[in-house]
Amino acid sequence: PKSDLPGPLPRSRRRPRARGGKRGMMRWRRHRRVTMEYSISIEELRCFPQLGEVFVKWRAPGATGRTQPQVVTNDHHVSIHERLELTVPLLVREDTNVVQDAMAVLTVVHVKPWTRSTREVGEVRLNLSSYAKTRCRGRAFLLEKARVNASLLLVVAARQVAGDPFFRCAAADAAAEEEEEAAA
């Protein structure tokens, strides 16, 4: 009779399923960790056409925060000059030696002067793993998801704190190939 057969094993006692390959063989993903220390300096917001105050919220792997509100000047610039110190563990694939992406999101928020209501203006998505092999680099980032054509000036410096120094950055390799093609 069917009632005499045992039911399925509980989840805690089941064997894990094989990932690819032959049946019964286990293939585990292997990663190394590299710990990087980042210093992100938020310098200024350019071409912001509205009055009021502006601050920057940031979200990175393992950390969140915001800057102090700064007043928009008559020439549509906001001088922020604040520095973020982050320690971020990055994963390096064992088979390719490529660092996996670690994203930091900086969101610009506008505070209206009369109502004190806030509105997100735009954001900058920063791939921290592409800066792992560079010492210090400054760049103006155009705000994404924004109705205004403003740009945020950032200076990013990276320093390796722990881990094996032999790894590659996929985003940095792609940028170097594009520069070589443009020069040719």
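1. In this predicted model, the chain exposes about 12,500 Å², of which carbon and sulfur atoms supply 49%. Of the 184 residues of the chain, 33% count as buried.

2. The chain has 1 helix and 11 strands, and, read from the N terminus on, the order of its elements is β-β-β-β-β-β-β-β-β-β-β-α. Among contacts in the chain with a separation of 6 or more, 63% are accounted for by residues 24 or more positions apart.

3. The largest nonpolar core holds 40 residues, and within it Tyr-38, Leu-45, Leu-126, Leu-152 and Leu-154 touch the most other members. At least two residues of this core are supplied by each of the strands S1 (31–46), S2 (53–60), S5 (78–93), S7 (103–111), S8 (118–127) and S10 (151–162), with the largest share, 7 residues, coming from S5.

4. Leaving aside residues up to four places away in sequence, Tyr-38 touches Leu-84, Glu-85, Leu-86, Val-88, Leu-90, Leu-128, Ser-129, Tyr-131, Ala-132, Val-156, Ala-157 and Ala-158.

5. One of these partners of Tyr-38, Val-156, lies in strand S10 and counts as buried because its relative accessible area is 1%, where the cut-off is under 20%. Not counting residues up to four places away in sequence, Val-156 touches Tyr-38, Ser-39, Ile-40, Leu-126, Tyr-131, Arg-135, Cys-136 and Arg-137. The C-alpha atoms of Val-156 and Arg-83, which are 73 residues apart along the chain, are separated by 9.6 Å.

How values were computed. Residues are numbered from 1 along each chain as its sequence is written. This is a predicted model: local features need pLDDT of at least 70, side-chain atom pairs count only at pLDDT 80 or more; totals for chains, interfaces and linings use all residues. Side-chain values use heavy atoms; hydrogens and water are left out. A nonpolar core is a set of buried Ala, Val, Leu, Ile, Met, Phe, Trp, Tyr and Cys residues joined through side-chain atoms within 4.5 Å. Buried means under 20% relative accessible area, exposed over 50%, partly exposed in between (1.4 Å probe, protein chains only). Helices (H or I, at least four residues) and strands (E, at least two) are DSSP runs, numbered from the N terminus. Contact means heavy atoms within 4.5 Å. Accessible areas come from the Shrake-Rupley method with a 1.4 Å probe; for residues, only the protein chains shown count as cover.
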